[in-house]
Amino acid sequence: MADTQSAPSIAYTRAPFSTWLGIVCLFVLFGLIVLTVIGPSPRTSDYEETRAKKRMEKLKTLHEESQKELTTYAWVDKNKGVARIPIDRAMEVTVADLAQKKPAPAGPIATPAAQTAPAGASPVPAVSPQGAAGSSSPAEAAAKAGPPSAIAASPSPATQQSPPAPASPAPATTP
(Lines give C-alpha, C1' and ligand atoms only; values in the text may rest on other atoms or scores of the structure.)
Protein backbone atom coordinates (compact mmCIF):
# COMPACT_ATOMS: atom_id res chain seq x y z
CA MET A 1 0.00 0.00 0.00
CA ALA A 2 1.24 3.30 -0.88
CA ASP A 3 1.40 5.83 1.82
CA THR A 4 -0.23 8.95 0.62
CA GLN A 5 0.58 11.82 2.83
CA SER A 6 -1.14 15.06 2.28
CA ALA A 7 0.93 18.20 2.13
CA PRO A 8 0.84 20.12 5.34
CA SER A 9 -1.60 22.93 5.05
CA ILE A 10 -0.72 26.35 6.32
CA ALA A 11 -3.48 28.20 7.93
CA TYR A 12 -3.65 31.84 6.91
CA THR A 13 -5.29 34.07 9.40
CA ARG A 14 -6.38 37.57 8.69
CA ALA A 15 -4.52 40.34 10.45
CA PRO A 16 -6.47 41.87 13.24
CA PHE A 17 -7.98 45.28 12.76
CA SER A 18 -5.55 46.84 15.26
CA THR A 19 -2.59 45.96 12.98
CA TRP A 20 -4.20 47.72 10.02
CA LEU A 21 -5.06 50.68 12.19
CA GLY A 22 -1.42 50.87 13.39
CA ILE A 23 -0.07 50.89 9.81
CA VAL A 24 -2.47 53.66 8.79
CA CYS A 25 -1.49 55.69 11.87
CA LEU A 26 2.22 55.34 10.96
CA PHE A 27 1.54 56.69 7.45
CA VAL A 28 -0.42 59.61 8.88
CA LEU A 29 2.36 60.34 11.37
CA PHE A 30 4.96 60.26 8.58
CA GLY A 31 2.82 62.66 6.52
CA LEU A 32 2.54 65.08 9.45
CA ILE A 33 6.31 65.05 9.97
CA VAL A 34 6.89 65.80 6.28
CA LEU A 35 4.39 68.67 6.37
CA THR A 36 6.02 70.22 9.43
CA VAL A 37 9.45 70.13 7.81
CA ILE A 38 8.40 71.37 4.36
CA GLY A 39 5.50 73.56 5.42
CA PRO A 40 7.37 76.58 6.86
CA SER A 41 9.56 77.11 3.78
CA PRO A 42 8.32 80.07 1.74
CA ARG A 43 6.92 79.27 -1.66
CA THR A 44 5.92 82.68 -2.93
CA SER A 45 7.37 84.51 -5.88
CA ASP A 46 8.69 87.22 -3.51
CA TYR A 47 11.08 84.70 -2.02
CA GLU A 48 12.50 83.77 -5.42
CA GLU A 49 12.78 87.42 -6.41
CA THR A 50 14.76 88.30 -3.30
CA ARG A 51 17.08 85.35 -3.88
CA ALA A 52 17.63 86.46 -7.47
CA LYS A 53 18.42 90.01 -6.32
CA LYS A 54 20.96 88.73 -3.78
CA ARG A 55 22.63 86.58 -6.45
CA MET A 56 22.83 89.55 -8.82
CA GLU A 57 24.36 91.74 -6.09
CA LYS A 58 26.99 89.08 -5.33
CA LEU A 59 27.78 88.74 -9.02
CA LYS A 60 28.10 92.51 -9.39
CA THR A 61 30.49 92.83 -6.43
CA LEU A 62 32.56 89.91 -7.71
CA HIS A 63 32.80 91.54 -11.15
CA GLU A 64 33.82 94.87 -9.60
CA GLU A 65 36.53 93.19 -7.50
CA SER A 66 37.95 91.34 -10.49
CA GLN A 67 37.96 94.52 -12.60
CA LYS A 68 39.75 96.33 -9.77
CA GLU A 69 42.41 93.59 -9.64
CA LEU A 70 42.90 93.76 -13.41
CA THR A 71 43.20 97.54 -13.65
CA THR A 72 45.07 98.73 -10.54
CA TYR A 73 48.53 98.54 -9.01
CA ALA A 74 48.93 96.71 -5.69
CA TRP A 75 51.44 94.77 -3.67
CA VAL A 76 51.08 90.99 -3.77
CA ASP A 77 54.02 90.38 -1.40
CA LYS A 78 55.87 93.52 -0.34
CA ASN A 79 58.65 91.60 1.44
CA LYS A 80 59.54 89.71 -1.73
CA GLY A 81 58.97 92.71 -3.97
CA VAL A 82 56.11 91.14 -5.94
CA ALA A 83 53.54 93.60 -7.22
CA ARG A 84 50.40 93.45 -9.33
CA ILE A 85 50.21 95.76 -12.33
CA PRO A 86 47.28 96.49 -14.66
CA ILE A 87 46.82 93.93 -17.41
CA ASP A 88 47.18 96.53 -20.19
CA ARG A 89 50.52 97.67 -18.81
CA ALA A 90 51.66 94.06 -18.35
CA MET A 91 50.92 93.33 -22.02
CA GLU A 92 52.83 96.45 -23.12
CA VAL A 93 55.86 95.48 -21.01
CA THR A 94 55.77 91.89 -22.30
CA VAL A 95 55.55 92.95 -25.94
CA ALA A 96 58.40 95.45 -25.51
CA ASP A 97 60.52 92.82 -23.75
CA LEU A 98 59.90 90.24 -26.48
CA ALA A 99 60.63 92.78 -29.22
CA GLN A 100 64.11 93.39 -27.76
CA LYS A 101 65.03 89.71 -27.70
CA LYS A 102 66.41 87.91 -30.69
CA PRO A 103 64.63 84.68 -31.58
CA ALA A 104 66.65 81.70 -30.38
CA PRO A 105 67.27 78.83 -32.79
CA ALA A 106 65.18 75.77 -32.19
CA GLY A 107 66.79 72.73 -30.69
CA PRO A 108 67.33 69.52 -32.66
CA ILE A 109 64.24 67.67 -33.77
CA ALA A 110 63.89 64.28 -32.14
CA THR A 111 64.18 61.42 -34.61
CA PRO A 112 62.00 58.32 -34.39
CA ALA A 113 63.42 55.29 -32.61
CA ALA A 114 66.00 53.35 -34.63
CA GLN A 115 64.76 50.17 -36.27
CA THR A 116 66.48 46.91 -35.47
CA ALA A 117 69.20 45.83 -37.88
CA PRO A 118 68.55 42.74 -40.02
CA ALA A 119 70.04 39.49 -38.79
CA GLY A 120 73.63 38.93 -39.84
CA ALA A 121 74.40 42.62 -40.44
CA SER A 122 77.28 44.10 -38.53
CA PRO A 123 76.55 47.22 -36.50
CA VAL A 124 77.99 50.48 -37.76
CA PRO A 125 79.92 52.49 -35.14
CA ALA A 126 78.32 55.82 -34.20
CA VAL A 127 81.51 57.90 -34.51
CA SER A 128 84.74 56.76 -36.11
CA PRO A 129 88.06 58.19 -34.85
CA GLN A 130 89.03 59.40 -38.34
CA GLY A 131 85.70 61.20 -38.91
CA ALA A 132 85.69 62.91 -35.53
CA ALA A 133 89.24 64.28 -35.80
CA GLY A 134 88.54 66.75 -38.62
CA SER A 135 84.99 67.71 -37.52
CA SER A 136 84.13 70.95 -35.87
CA SER A 137 81.15 69.61 -33.90
CA PRO A 138 79.91 66.27 -32.58
CA ALA A 139 76.80 66.57 -34.77
CA GLU A 140 78.89 66.75 -37.94
CA ALA A 141 80.95 63.75 -36.83
CA ALA A 142 77.81 61.74 -36.21
CA ALA A 143 76.43 62.74 -39.63
CA LYS A 144 79.62 61.55 -41.39
CA ALA A 145 79.55 58.22 -39.52
CA GLY A 146 76.28 57.16 -41.17
CA PRO A 147 72.94 56.02 -39.81
CA PRO A 148 72.88 54.79 -36.21
CA SER A 149 72.46 51.09 -35.65
CA ALA A 150 70.35 49.32 -33.11
CA ILE A 151 73.30 49.02 -30.76
CA ALA A 152 74.28 52.69 -30.99
CA ALA A 153 70.67 53.97 -30.72
CA SER A 154 71.32 56.15 -27.69
CA PRO A 155 74.00 58.81 -28.21
CA SER A 156 76.85 59.11 -25.77
CA PRO A 157 76.92 62.09 -23.40
CA ALA A 158 79.71 63.64 -25.49
CA THR A 159 77.52 63.76 -28.63
CA GLN A 160 74.37 65.06 -26.97
CA GLN A 161 73.54 68.71 -27.46
CA SER A 162 71.38 70.43 -24.93
CA PRO A 163 68.76 72.85 -26.27
CA PRO A 164 69.33 76.50 -25.36
CA ALA A 165 67.79 77.51 -22.07
CA PRO A 166 64.87 79.93 -22.43
CA ALA A 167 65.54 83.38 -21.07
CA SER A 168 63.47 84.28 -18.06
CA PRO A 169 61.40 87.48 -18.35
CA ALA A 170 62.50 90.46 -16.31
CA PRO A 171 60.46 91.03 -13.13
CA ALA A 172 57.84 93.72 -13.35
CA THR A 173 58.69 96.95 -11.58
CA THR A 174 56.22 99.21 -9.90
CA PRO A 175 56.12 102.98 -10.23
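Helices (H or I, at least four residues) and strands (E, at least two) were taken as DSSP runs and numbered from the N terminus. The model is predicted, so that local features need pLDDT of at least 70 and side-chain atom pairs count only at pLDDT 80 or more, while totals for chains, interfaces and linings use all residues. Residues are numbered from 1 along each chain as its sequence is written, and side-chain values use heavy atoms, with hydrogens and water left out.

The protein chain contains 5 helices and 2 strands, arranged from the N terminus in the order α-α-β-β-α-α-α. Of its 175 residues, 4% are buried; buried denotes under 20% relative accessible area, exposed over 50%, and partly exposed the range in between (1.4 Å probe, protein chains only). The accessible area of the protein chain is about 15,800 Å², with 64% supplied by carbon and sulfur atoms. Such areas come from the Shrake-Rupley method with a 1.4 Å probe, and for residues only the protein chains shown count as cover. Contacts (heavy atoms within 4.5 Å) were also examined: among those in the protein chain between residues at least 6 apart in sequence, 39% join residues at least 24 apart.

Side chains of opposite charge can pair when their charged atoms come close. With a salt bridge defined as a side-chain nitrogen of Lys or Arg within 4 Å of a carboxyl oxygen of Asp or Glu, the count is 3. In helix H2 (residues 45–71), Glu48 and Arg51 lie 3 residues apart and are therefore separated by about one helical turn. Their closest N and O atoms are 3.6 Å apart in the salt bridge. Glu48 is partly exposed at 42% relative accessible area, as is Arg51 at 37%.

Helix H3 (residues 87–100) holds Arg89 and Glu92, which are 3 residues apart and so separated by about one helical turn. These residues form a salt bridge with a closest N–O separation of 3.6 Å. Arg89 has a relative accessible area of 40% and Glu92 one of 48%, and each counts as partly exposed. A further salt bridge joins Asp97 to Lys101, with the closest N and O atoms 3.7 Å apart; Lys101 is partly exposed at 32%.

A nonpolar surface patch is formed by Leu26, Leu29, Phe30, Ile33, Val34, Val37 and Ile38, with about 690 Å² of accessible area together. Patches consist of residues with over 30% relative accessible area and no salt bridge, like charges being joined within 9 Å and nonpolar side chains (Val, Leu, Ile, Met, Phe, Trp, Tyr) within 5 Å. Ile38 belongs to helix H1 (residues 17–38) and is partly exposed, at 46% relative accessible area.
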